[in-house]
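I opened this notebook page to record what I looked up in the structure. The entries follow the order in which I worked.

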Amino acid sequence: QVQLVESGGGLVQPGGSLRLSCAASGSIFSILTMGWYRQAPGKERELVAAIPRGGSTNYADSVKGRFTISRDNTKNTVYLQMNSLKPEDSAVYYCNGKGINVESDYWGRGTQVTVSS
């Protein structure tokens with residue numbers, strides 16, 4: 001069992017920055033890949049960034065060059081640094097952890113990010 005708790009969301013002006021954090025607890029040894037997803041009203045949930053153990057991060061094309069995902073295994077925390085934010089980045093951002101088994105798929109409750117002037 002894994003619990004994920006996001007924090008760091010809020011309201012920011014276009015061009016601003018936010019850093020999201022995801023604290024993991026429980027049986028975190030089973031998690032292979034951590035990631036951030038987002039979902040705007042009326043839209044499908046989409047992958048924003050992912051980071052497996054050992055590196056090799058990947059990003060959605062829409063955020064590449066602006067967002068950075070990182071993982072601190074000693075603190076059991078994953079971060080998403082978001083720079084040059086745009087209004088279209090507004091969404092609820094969810095932390096996700098995946099293991100090798102289909103049952104190993106964990107989600108946080110989400111944190112709201114709103115980019116508006």
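The entries below concern a sheet, the strands in it and a disulfide, all taken from a predicted model.

**Entry 1: the sheet.** I looked up the strand order and found an open sheet of four strands, β1-β3-β8-β7, with antiparallel pairing. I noted β1 (2–7) and β7 (67–72) as the edge strands, since each pairs on one side only. I also took down the angle between neighbouring strands of this sheet, which are turned by 15 degrees against each other on average, direction ignored.

**Entry 2: strand β1.** Which side chains of β1 are buried? I found that Val 2, Leu 4 and Glu 6 are buried and point to one face.

**Entry 3: the partners of β3.** I recorded six bridges between β1 and β3, which run antiparallel. In this pairing Gln 3 has Ser 25 of β3 as its bridge partner. On β8 (residues 77–82), I again recorded six bridges to β3 (residues 18–26), and these strands also run antiparallel. Here Cys 22 has Val 78 of β8 as its bridge partner.

**Entry 4: the disulfide.** I then followed Cys 22 to its sulfur atom. The structure holds one disulfide, formed by Cys 22 and Cys 95 with their sulfur atoms 2.0 Å apart. The link is left-handed, with -85 degrees about the S-S bond. Because Cys 22 lies in β3 and Cys 95 in β9 (residues 91–98), the pair ties together parts that are 73 residues apart in sequence. I noted finally that Cys 22 and Cys 95 are both buried.

Key: Residues numbered from 1 in each chain as written. Predicted model: local features only at pLDDT ≥ 70, side-chain atom pairs only at ≥ 80, totals over all residues. Heavy atoms only, no water. Pairing = 2+ DSSP bridges. Helix = DSSP H or I, 4+ residues; strand = E, 2+ residues; numbered from the N terminus. Axes fitted to C-alpha atoms, helices over the stretch in contact; angles between N-to-C directions. Buried < 20%, exposed > 50% of the residue type's maximum accessible area, 1.4 Å probe, protein only. Disulfide = S-S within 2.5 Å.
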